[in-house]
Amino acid sequence: MTDTPATPSDAALYALPKAELHLHIEGTLEPDLAFELAARNGIRLPYDTVDDLRRQYDFSDLQSFLDLYYETLDVLRTEADFAELTRRYVATAAAQGVRHVEPFFDPQAHTSRGVALETVLGGMTAALDEAERDLGVTSGIILSFLRDRPVEEAEATLTAALQRSDRIIAVGLDSAEVGYPPALFEKVFARARDAGLHAVAHAGEEGPPEYVLEALDLLEVERIDHGIRSAESPGLVDRLARDRIPLTICPLSNVRLRTVPELAAHPLRRLDAAGVRVTINSDDPAYFGGYLGDNFIAVRDALGMTEAEARRYARNSLTASFAPEERVAELLAELDAWRA
Ligand code: ADE
Ligand code: ZN
């Protein structure tokens with residue numbers, strides 16, 4: 001008789017020590033908090049109840065989601081709002097095994113409506129400091145440029161950010177992808193890298209494999225966010241595997257935004273089998289039906305996941321993180337002690 005490999009339980013996947021590398025803090029805004037903040041700030045959301053808002057979460061593509069995401073984040077106004085948002089995310093994430101997180105924030109989505117960079121960073125930083133002290137969750141913030149806004153705005157955003165926070169560890173690139181290739185942002189990314197920041201970019205979510213190549217070659221990113229359309233190009237898959245480029249894959253997001261027809265058809269396992277450094281992430285968990293542990297469970301149920309695979313995805317997340325070496329070593333030791 002041959003032993004079948006162990007399949008981790010729900011509880012084991014929640015307990016699995018892991019890093020979250022693709023998480024938009026604005027995408028953790030749950031409908032109940034959106035209504036609370038709207039009331040507190042005297043804003044009227046165009047929906048009467050939490051359930052009405054939740055009923056809008058039926059997306060046809062990335063843009064249909066972004067329209068609601070930008071509309072709803074308008075309830076975030078004060079430092080206390082950003083602190084509360086971040087605090088609630090970290091509490092949920094920690095309960096699902098997140099030990100280190102590198103949240104994105106979209107400064108232009110806030111500064112463009114009169115909310116200062118200091119307000120956003122002040123709130124996020126306070127909550128992340130608290131998370132490290134009280135929950136042992138470490139973090140670093142990623143400033144993400146909106147690729148569907150003018151490049152000059154990204155330049156000004158970087159200039160302002162470089163003066164304001166030592167908690168920013170990297171720059172990223174997000175929002176509507178098709179028609180906004182990475183090449184547009186070559187100069188601003190070069191300046192960020194010269195200033196000592198890490199670089200990542202969304203590419204190959206809805207956009208073609210060529211955008212992944214541009215992100216690697218022109219933006220010199222260290223990780224690709226999503227990157228799932230790389231699977232269409234065997235040459236690119238070989239390169240990702242050879243160069244050990246991590247992909248921050250977001251399974252539930254890809255289903256909700258219809259970049260894959262269903263989870264069972266997701267290329268995650270094929271990419272992993274080809275030697276690509278796959279990580280699992282939650283993207284905008286308030287909108288897509290689950291936080292990080294939930295994404296692991298969904299992948300296990302749709303594609304299968306052995307104990308060894310779960311361990312590999314978690315290990316990839318730790319080694320692909322921008323956490324200090326000693327912190328990575330500490331978390332790898334925690335991972336060694338984990339059992340399915
Ligand atoms: N902003 C928030 N979530 C995003 C996603 N999945 N893709 C691009 N931009 C985003
Ligand atoms: Zn994303």
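**View 1. A cavity, here a set of points on a 1 Å grid over the protein atoms alone where a 1.4 Å probe fits but cannot get out, occurs once at 30 Å³ or more in this structure.** The model is predicted: local features need pLDDT of at least 70 and side-chain atom pairs pLDDT 80 or more, whereas totals for chains, interfaces and linings use all residues. Residues are numbered from 1 along each chain as its sequence is written, chains are lettered from A and ligands numbered from 1 in the order in which they are written, and side-chain values use heavy atoms, without hydrogens and water. The largest cavity has a volume of about 110 Å³, taken as the space filled by probe spheres set on the grid points. Its lining (residues with an atom within 4 Å of a point) comprises 17 residues, of which His24, Leu62, Leu66, His202 and Asp284 are the closest to the centre.

**View 2. Helix α4 (residues 62-72; a DSSP run of H or I, at least four residues) gives the largest share of the lining of the largest cavity, namely 5 residues.** By residue class, that lining divides into 7 nonpolar, 5 polar and 5 charged residues.

**View 3. The zinc ion (ligand 2) is coordinated by His22 (NE2), His24 (NE2), His202 (NE2) and Asp283 (OD), at 2.0 to 2.2 Å.** Donors here are N, O and S atoms within 2.8 Å of the metal (3.2 Å for Na, K and Ca). Along the chain, the donors follow the spacing H-x1-H-x177-H-x80-D. His22, in the loop between β1 and α2 (31-41), and His202, in strand β7 (residues 198-203), lie 180 residues apart and link distant parts of the chain. Both His22 and His202 are buried (under 20% relative accessible area, 1.4 Å probe, protein chains only).

**View 4. An open sheet of 7 strands (DSSP runs of E, at least two residues) has the order β3-β5-β6-β7-β8-β9-β10, with parallel pairing.** β3 (104-105) and β10 (277-280) stand at the edges with a single partner strand each, so one side of each is left without a neighbour in the sheet. Strands β5 (residues 141-146) and β6 (residues 168-174) run parallel and are joined by 6 bridges, pairing being counted from at least two bridges; Ser144 has Gly172 in β6 as its bridge partner.

Note on methods: 1 Å grid on protein atoms, 1.4 Å probe; cavity = no way out; pocket = protein on both sides within 12 Å on 5 of 7 lines; lining within 4 Å. Nonpolar A, V, L, I, M, F, W, Y, C, P; charged D, E, K, R; others polar. Buried < 20%, exposed > 50% of the residue type's maximum accessible area, 1.4 Å probe, protein only.
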